[in-house]
Amino acid sequence: MGWTKRGVVRINKLTAKQEGQIIVFAEKWNRIARSTEPWDQEAVAAGIRRFYKAMGCRQLQRGRIHFTEGPIAAYNYATFKWEGSWERHPNFSKLDPSEWAIRCLLARTFEPAILKHVEDFMHRNIARSLSIRRVAQNGKNMPEGHSRGYFFGQADANWLAIVDYFATVHGNEHCQKLEGLIQAVQSCGFVGLMPEKIIFSNRPEVAKFDDQGRLHCEDGPAFICRQGWRWFYLAGVPIFEKYIKTPADDLKLAEILAEPNAEIRTAVLRKFGFQRLLATTHHRIISEAAGNALIEFKLKIGEHHNEYLRTLRLTWQDKTGAKETLLPVPRLARQFGEDCPENVNDCEQVRRWTLGWPKEALAVAET
Amino acid sequence: MNAYRQGDVSIMAVERVPKNARKVKGELVLARGEVTGHAHRIVEGQAFLYRLATGMLYLRVLSEFAKLYHEEHEDVILPQGEYEIRRQREFDPFVGRSDPRRRAGEGQVRYGMD
């Protein structure tokens with residue numbers, strides 16, 4: 001135990017038994033995140049009833065509880081009229097405990113190092129399933145004056161594992177309030193909570209992950225829900241179907257460079273292989289520094305003939321392993337703008353320009 | 001001038017946060033990935049985030065150190081001080097292709113999106 005400035009005692013060390021339980025909970029929630037077994041409707045409904053009771057919300061009758069086979073249908077159905085809802089259900093907002101809010105509550109009892117230790121383990125060892133953010137991109141817009149319910153699902157496994165651990169092993173009262181929600185999430189795909197109704201969706205038919213627990217499939221959809229909706233992922237990055245279906249030899253470098261999202265570009269490059277693209281494209285390396293390179297490509301794009309495009313090839317190492325990407329950069333000094341590097345042919349100077357670092361900036365840490 | 005980088009987020013020491021920058025309430029998220037939902041966030045230490053009307057972000061670290069966390073990148077330790085936050089920028093060579101007034105290869109600078 002250690003004393004904080006306010007005189008509050010916080011736990012700063014875990015016992016060997018508590019430490020050993022972290023892996024048990026990580027394994028349990030990893031199974032939940034990857035599960036494609038059909039849901040247990042009774043367990044889900046019972047869990048949500050417990051959760052509503054713990055949060056001081058009025059219980060909903062059986063007729064107000066709905067079950068759907070897939071997340072899209074659940075998402076589209078999960079709207080409610082904003083007007084008057086909060087007056088009739090003053091505690092409704094308590095049903096949205098975010099990971100951050102729980103962290104703040106736990107920080108009253110545990111030192112940050114302990115929280116970080118448990119969080120890191122859970123985040124690294126529990127698979128990440130389809131998030132509601134991704135489902136929302138395929139969902140319908142809300143009617144005017146309506147609001148969307150709170151959603152929880154298999155994608156929340158890594159932070160609910162933290163809650164489950166602190167509730168069960170340490171008996172934390174804030175986490176114990178969420179036990180009903182935990183029970184519901186471990187028995188179905190998604191839970192949508194609204195003031196006047198609750199909606200549940202079934203688990204997916206297919207969910208494929210890579211060895212790091214990220215949604216991933218190189219030759220088909222990584223996630224298929226029971227209604228038939230399909231989502232394509234490479235290393236946890238949602239990508240368009242064309243990148244899965246296009247044979248590797250048919251993919252054009254110009255298509256990759258036109259992709260505005262850097263993470264999608266990185267994932268696609270990883271699938272098709274940078275060296276293969278280099279071999280099929282006229283190019284010259286202008287300069288190299290610290291594993292990075294400034295490369296000029298000669299490409300035919302649309303009606304424009306022999307156009308020159310420059311890219312930085314950046315390589316780095318992160319927690320998931322070695323990575324590389326291509327970053328399109330200007331070719332001419334006027335394209336760089338007012339903070340143009342002194343030498344636009346110098347790889348490192350151009351890289352520093354992408355970061356907005358002036359010449360005198362000293363790079364202390366790069367990860 | 002000390003500079004730090006975590007993925008596509010650049011953190012550069014500045015003399016002071018501009019006076020007209022407004023404090024950002026809630027979680028200390030410097031940037032969030034659009035497709036993965038991964039975030040560059042402060043998880044340890046006392047710090048405040050400020051935003052200018054232009055959208056420019058600033059960070060003030062009050063404790064001795066603050067820890068910047070991301071799901072994929074290693075942690076970055078930021079000492080006490082004031083910082084300007086930027087996303088990595090790149091060049092879009094394809095913008096305005098359909099506009100006949102634009103020349104081929106003209107393009108436009110765009111800020112990081114992931």
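Predicted model: local features only at pLDDT ≥ 70, side-chain atom pairs only at ≥ 80, totals over all residues.
Local features need pLDDT of at least 70 and side-chain atom pairs count only at pLDDT 80 or more, whereas totals for chains, interfaces and linings use all residues. Residues are numbered from 1 along each chain as its sequence is written, chains are lettered from A and ligands numbered from 1 in the order in which they are written, and side-chain values use heavy atoms, with hydrogens and water left out.

Chain A is divided into domain 1 (3-203) and domain 2 (273-354), with bounds that come from an automatic or database domain assignment. The centres of these domains, taken over C-alpha atoms, are separated by 43 Å.

Helices (H or I, at least four residues) and strands (E, at least two) are DSSP runs, numbered from the N terminus. In chain A, the axes of helix 1 (residues 16-34) and helix 6 (residues 112-125) come within 9 Å and cross at roughly 30°. Axes are lines fitted to C-alpha atoms, for helices over the stretch in contact, and angles run from 0 to 180 degrees between N-to-C directions. Among the residues that meet are A:Ile22, A:Phe25 and A:Ala26 of helix 1 and A:Val118, A:Phe121 and A:Met122 of helix 6, contact meaning heavy atoms within 4.5 Å.

An open sheet in chain A is formed by 4 strands in the order 3-8-7-6, with mixed pairing; two strands pair if DSSP finds at least two bridges between them. Strand 3 (65-68) and strand 6 (150-153) of chain A are the edge strands, each pairing on one side only. The twist from one strand to the next averages 15°. Helix 2 (residues 41-54) of chain A lies across strands 3, 7 and 8 of chain A, at about 145° to strand 8.

In chain B, strand 6 pairs in the antiparallel sense with strand 7 (residues 57-69) over 5 bridges. These two strands form a hairpin with 5 residues between them, and B:Gly55 in the turn has a positive phi of about 100°.

The contact between the chains takes 54 residues from chain A and 47 residues from chain B. Together the chains bury about 4600 Å², 52% of it on carbon and sulfur atoms; buried area is the accessible area (1.4 Å probe) that two parts lose on being put together, summed over both. In chain B, B:Arg5, B:Glu72 and B:Arg89 lose the most area to chain A, together 16% of what that side buries.
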